[in-house]
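Please examine the structure shown below. The paragraphs that follow lead through its salt bridges and then its domains.

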Amino acid sequence: MRAKIVVLPGDGIGPEVTEQAVRVLQAVAKKFGHQFETEEQLIGGAAIDATGSALPKQTETACKQADAVLLGAVGGPKWSAPEAKVRPEQGLLAIRKSLGLFANLRPVTLHPALMDASTIKPEVLKGTDIMVVRELTGGIYFGEKTRTETTASDLCSYSVNEIERVTRVAAQLARQRRKQLVSVDKANVLETSRLWRSTVEKLMKSEFPDIQVEHMLVDSAAMHLIRRPSSFDVMVTENMFGDILTDEASMLAGSLGLLPSASLGAGTLGLYEPIHGSAPDIAGKGLANPYATILSVAMLVRHSLKLETEAQAIESAVSSAISEGVRTADISAGGPVASTSEAGSAVVARLSQ
Ligand code: NAD
């Protein structure tokens, strides 16, 4: 198959980790006989320096014409002054909005060799394999905001259509997994949550009767996530609850350097990125863990290019590199330390076998 992939390296460790991810993408193309054309574009601080905008028009156009977008990370102290008018993060929000990416997928799986990297006990973590789906373009983050000297407000609103489309994404994922969906809301207090719950209920009954659905209040979900993480399969929730729960869930895995994410819309075009930021403290030193970005490439070929075998090949190559001790500093646990490019080479080598 032929595919065009726009690569947005961004700032800090972004260029280092995307470089390794692109090597892996090309190794997969070679192994399975595909042609993946990659094209680099600017975003974030790098784009501000070059053009004055965090999302130049040229980047936006290229992304819209691509089959998928791979992003490193944006941001850093250089662009963080409180008086700054343009910020790198605006580029990220703008591209998600422009591509209509309403569902953010964050899988949390644990590599058995890295159980000790988490602050949660290994016996509690054992078997954890969760897919959290967060609504990304609605809710309180996008509602009308007001501010006076003494009061402030943020409007939270959701429509049936917004709830249905993200629920469909989550339910389809559940269908390919253990067929269990937990929908998280705050229906005992919030009107938007009551609409969320009844919409999910109706949609699941009519379109996904084979999936078991449980509704859980967000406070209870936050507690159960660390109490019995292995009992969850797919979780779906609104924007702000998802923002908080995905960060909580990511800590089950112990390291930011291992977790990928995907942001999807109505079609197959998606944006794939590691969940970590630009890590300015280690940028340019060859210390960054590239596995999260490489695993984001696995999600890219799975969700945008529909190449499941290729996705699994990347995931097993990463898993075997970790098992065989190819670990960057953040996951080394006192053993030998691999550099960013050594970790990338280990995955490429396993894919080429
Ligand atoms: P961060 O994720 O960049 O770093 C947090 C800590 O984790 C740091 O100590 C860092 O060295 C370490 N770390 C992160 N990724 C790593 C990797 N792949 N390998 C090894 N260690 C890794 O978060 P932060 O320090 O809060 O933010 C730094 C900058 O990144 C800020 O400008 C922030 O706005 C931005 N940021 C961007 C994104 C994004 O692009 N999606 C997400 C979060 C933060």
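A salt bridge is a side-chain nitrogen of Lys or Arg within 4 Å of a carboxyl oxygen of Asp or Glu. The model is predicted, so local features need pLDDT of at least 70 and side-chain atom pairs count only at pLDDT 80 or more, while totals for chains, interfaces and linings use all residues. Residues are numbered from 1 along each chain as its sequence is written, and side-chain values use heavy atoms, with hydrogens and water left out.

By this rule there are 21 salt bridges. One of them joins Glu315 to Arg302, with the closest N and O atoms 2.9 Å apart. Glu315 belongs to helix H11 (residues 308-323) and Arg302 to helix H10, so the pair ties together parts that are 13 residues apart in sequence. Helices (H or I, at least four residues) and strands (E, at least two) are DSSP runs, numbered from the N terminus.

Asp185 forms a salt bridge with Arg197, and their closest N and O atoms are 2.9 Å apart. Because Asp185 lies in strand S8 (residues 180-185) and Arg197 in helix H7 (residues 191-207), this pair ties together parts that are 12 residues apart in sequence. Asp185 is buried, with a relative accessible area of 1%, whereas Arg197 is partly exposed at 28%; buried means under 20%, exposed over 50%, and partly exposed in between (1.4 Å probe, protein chains only).

The protein is divided into domain 1 (1-101 + 257-353) and domain 2 (119-252), with bounds from an automatic or database domain assignment. Between domain 1 and domain 2, the count of salt bridges is zero.
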